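Subject: Structure for you to look at

Hello,

Here is the structure I said I would pass on. My notes on it follow below.

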Amino acid sequence: MIFCVEDDTGIRELMIYALGSAGFSAKGFSDGVSFFKAMGGETPELVLLDIMLPGEDGISILKRLREGESATAKVPVIMASAKGTEYDKVIGLDLGADDYLAKPFGMMEMVSRVRAVLRRTNGRDMAGKNEGKGRDGCFRMGELVMDLAGHQVSVCGERIALTFKEYELLRLFLAHPGKVFTRGQLLGQVWGFGYEGETRTVDVHVGTLRMKLGECGSYIETVRGVGYRMERMG
């Protein structure tokens, strides 16, 4: 889930729509009060945070986030500002922002920045959401092991050669066991925003991934009429 904190209703709705089209789930907030209320019940994977907000501004919100509880302090934040001044950018980055968007920005650029920040931060414990991930940075499910640092996958101790797309599909499934992904969401997250191929591409890649994983391929379940999910162990 991505939280968008933006007081302009039109821009906020456009951001949520663009993120949704790219396969992400997103929620919007017009100010710090509603944002922190939502944070009390859910920790997002990333926050898009405007600097100029009514009441508490984005810089103050960022400072509170970084000084908060461990899960909150680790959430990646991309700052956005119409000011575009070097001072705002430096202050935000010094306080712990992961990236910066200068308004006006294109939706494709925003999605690209979101993807880049999430890729950079995947090595961290994303607010405890990577349920199958061990302290050694590996995903484990039965005899299936994905070593993120080594970019390797093995089944029963035998290394499995995967293409980049197959690896990314498997990483996404393992990071969210039990979550159902539609074919459109998988296209958006693995192939990228704006990909014009057919959803059949997902089916083909999932099929070859299952075949390569052998007995562990059955962990990837088909949800009829919807998409796919990784079986939740235990």
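Among contacts in the protein chain between residues at least 6 apart in sequence, 56% join residues at least 24 apart. Please keep in mind that this is a predicted model. The protein chain has 234 residues, of which 44% are buried. Its secondary structure amounts to nine helices and twelve strands.

Nonpolar core

The largest nonpolar core holds 28 residues, and L144, L170 and L213 are those with the most contacts inside it. Two or more residues come from each of β6 (138-141), β7 (144-147), β8 (152-155), α7, α8, α9 (200-213) and β12 (227-230). The biggest share is that of α7, which gives seven residues. As general background, nonpolar side chains in soluble globular proteins tend to be buried together.

For L213, neighbours within four places in sequence can be set aside; the residues then in contact with L213 are L144, V153, V155, L170 and I220.

Helix packing

Two packed helices are described by the angle between their axes and the distance between the axes.

Helix α7 (residues 164-175) packs on helix α8 (residues 183-191) at an angle of about 120°, and their axes are 10 Å apart. That angle makes α7 oblique to α8, since the roughly perpendicular class runs from 65 to 115 degrees and the roughly antiparallel class begins over 145. The crossing of α7 past α8 is right-handed. On the α7 side the contact is made by K165, E168, L169, L172 and F173, and these meet L186, Q189, V190 and W191 in α8. Sorted by class, the contact of α7 with α8 consists of six nonpolar, one polar and two charged residues.

The second pair is α8 and α9, whose axes come within 9 Å and cross at roughly 75°. These two helices are therefore roughly perpendicular to each other. Here R183, L186, L187 and W191 in α8 meet T201, V202, D203 and H205 in α9. The residues of this contact divide into four nonpolar, two polar and two charged.

Backbone points

If you check the backbone geometry, look at these places. The peptide bond from K103 to P104 is cis, with omega near -5°. P104 lies in the loop between β5 (99-102) and α6 (107-121).

H151 is not a glycine, yet has a positive phi, near 55°. H151 sits in the loop between β7 and β8, and at 43% relative accessibility counts as partly exposed. C156 is likewise a residue other than glycine with a positive phi, about 55°. C156 belongs to the loop between β8 and β9 (158-160) and is partly exposed, with a relative accessible area of 46%.

Two further residues

Is V75 buried or exposed? V75 is buried, because its relative accessible area is 3% and the cut-off for buried is under 20%. V75 is placed in the loop between α4 (70-73) and β4 (77-81). From V75 to A97 the separation is 22 residues in sequence and 9.6 Å in space, C-alpha to C-alpha.

R140 is in strand β6 and is partly exposed, at 45% relative accessibility. R140 and V153 are separated by 13 residues in sequence and by 10.0 Å in space, C-alpha to C-alpha.

Regards

Technical notes
Residues are numbered from 1 along each chain as its sequence is written. This is a predicted model: local features need pLDDT of at least 70, side-chain atom pairs count only at pLDDT 80 or more; totals for chains, interfaces and linings use all residues. Side-chain values use heavy atoms; hydrogens and water are left out. Axes are lines fitted to C-alpha atoms, for helices over the stretch in contact, and angles run from 0 to 180 degrees between N-to-C directions. Helices (H or I, at least four residues) and strands (E, at least two) are DSSP runs, numbered from the N terminus. Angles under 35 degrees count as roughly parallel, over 145 as roughly antiparallel, 65 to 115 as roughly perpendicular and the rest as oblique. A crossing is left-handed if the near helix is turned anticlockwise from the far one by less than a right angle, and right-handed if clockwise. Contact means heavy atoms within 4.5 Å. Ala, Val, Leu, Ile, Met, Phe, Trp, Tyr, Cys and Pro count as nonpolar, Asp, Glu, Lys and Arg as charged, and the others, Gly among them, as polar. A nonpolar core is a set of buried Ala, Val, Leu, Ile, Met, Phe, Trp, Tyr and Cys residues joined through side-chain atoms within 4.5 Å. Buried means under 20% relative accessible area, exposed over 50%, partly exposed in between (1.4 Å probe, protein chains only).
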